[in-house]
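Have your viewer ready and follow along.

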Amino acid sequence: MNLFKRLLNTGYVGARAALERRIPFWPIERIERLQRHRVRSIVRHAYTTAPFYRDAMEQRGLKPGDFRCADDLARLPLLDDLTVRNNPELFASTRYSDQSRLTAYTSGSTSHVQKKIYWDHTALLDLLCYSERHRAVLNALLGRGWGQRQLFIIPQGSMTLAIRSFWDAATLTPPQLARRHFVPVSSPLEEVVREINTIKPEVVFSYGSFADLFFRWLADRRLTIAPPRVWMYGADMLSDDAREIMEKQFGCIPYTTYQAGETGRIGFQCERRRGFHLNVDAVPVRLVDENGRTVRPGEVGEVVVSNLYNRAMVLLNYRLGDLGALSTIPCPCGRSLPLLAGFEGRCTEVLQLPDGRKVPYVMFEVLLKNELHDSIQAQMVQSSPARICWRIVPASNADREKLRAQILAKSSSFIGPKIQVTVEFAEHIPSTGGGKFRRVIRDSTLVQTEQPEPRN
Ligand SMILES: [Zn+2]
């Protein structure tokens, strides 16, 4: 990109930054007004330029004028991962070509197969502007906004890095804003320790599962590091146990935002870190039951999002595969953006038992708190409805047979004697291709096709 364009983009982002820091504190009516304006605009755009929406609206006898607010988006078909993965061009706007959009790939949270997503250049700059909302919190946690030493331990080819490269090429970031370092996520953990102790980063960015493994491993080996003040994680989960190790043993603040490759930043934690404030003006969120009906605040449902600002690929009413509940009480921080308070993990991380019960993995995390504390990694494999195998990487000083007996006893007492539970010990459990870690593997075909990630 030429220098003039980069200067122009930098001016655009700079001018928007101060506004974006204020929007979370606006009265909710004002935020919803902005949301309604964006809903009407994106629906018009979708109807005229994205084949999927033209067809879907015509089949339902709908016109763009029928969409007046975010609730109306529920009249569109509920999209899932597979539909978009198999037909990306149906959602792509005919108004954009490869010169005016970035093609990036999601790490495939639900299907674990990568999905092509187009982002138009303006939307990517908007995404950088929206990041100001969580950056304000991050800077407060760090105690400084300039001169941060940042370390990224994120898989190569991830959408996060693809978008970051676009920002670097499209804007002029003052070098004194941040010094960035990168360590390959496939590096041996000893190497990561060396890098952290050399770079002494103030903030580290990684996937949740990487932080989970890394801090448990550090605690198990009784190793120390020059602790970053904040460890920012995303993409997948950090267990409560690992969070406690991070905070109490290493004095490191875990901080996270909620995002997806399809939508960018959906929400962010505030200083209280009790849930995610949702950027509903840009990405409206609703929670639905199994039949796609919106559930009430406080009730658990699957997260459905709409991206109101990416025009190169229009994704409205899109099921993310995450389970959560909207808070019924306002956050004391003063932000009026709604709060997703109960985050219950992913729909795929739920065991389905032969008697019809559905048990989310997070329940086992509570039930087996002590046993999982004696483990570095854990995963449940449900190879058939009545067979469950725990794969465990035990801590080095763990009494394996005692650990096995306790896991078996507690699991069986909870899920019943008719289900066969076994425990297998391993040295390392690999992530999936996109670098995410799956705590539950349910489909036997996925077990066979999973490729181990190179590590150690
Ligand atoms: Zn808050």
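Leaving aside its neighbours within four places in sequence, which residues is I117 in contact with? They are A104, T106, G261, E262 and M313, where contact means that two C-beta atoms, placed from the backbone, lie within 7 Å.

Before going further, please note that this is a predicted model, in which local features need pLDDT of at least 70, side-chain atom pairs count only at pLDDT 80 or more, and totals for chains, interfaces and linings use all residues. Residues are numbered from 1 along each chain as its sequence is written.

I117 lies in strand β2 (residues 116-120); helices (H or I, at least four residues) and strands (E, at least two) are DSSP runs numbered from the N terminus. Because I117 has 27 C-beta neighbours inside 10 Å, it counts as buried. The cut-offs are 20 or more other C-beta atoms within 10 Å for buried, 12 or fewer for exposed, and partly exposed in between, with C-beta atoms placed from the backbone.

F182 belongs to strand β4 (residues 178-182). It has 15 C-beta neighbours inside 10 Å, so F182 counts as partly exposed. F182 and R286 are 104 residues apart in sequence, and their C-alpha atoms are 36 Å apart in space.

Helix α2 (residues 28-49) has 22 residues and reaches 31 Å from its first C-alpha to its last, close to the 32 Å expected; the expected span is 1.5 Å times one less than the number of residues. Its buried residues are Q35, V39, I42, V43 and A46. They sit on the same side of α2 because they cover an arc of only 105° around the axis, the arc being that of the directions from the helix axis to the C-beta atoms. R30 and H37, on the other side of α2, are exposed. The cover over the buried residues of α2 includes α3 (51-59).

In α3, the buried residues are F52, Y53, A56 and M57. Down the axis of α3 they fall within an arc of 115°, so they line one face of the helix. The face turned away from that buried side carries the exposed D55, E58 and Q59. Among what covers the buried residues of α3 are α2 and α5 (88-91). Just after α3, G61 takes a positive phi of about 65°.

Axes here are lines fitted to C-alpha atoms, for helices over the stretch in contact, and angles run from 0 to 180 degrees between N-to-C directions.

| Helix pair | Axes come within | Crossing angle |
|---|---|---|
| α1 (residues 3-22) and α6 (residues 121-142) | 8 Å | roughly 40° |
| α6 and α7 (residues 159-170) | 10 Å | roughly 95° |

Which residues of α6 meet I163, F166, W167 and A170 in α7? They are H121, L124, L125, L127 and L128. The contact between α1 and α6 involves residues including Y12, V13 and R16 of α1 and L125, L128 and C129 of α6.
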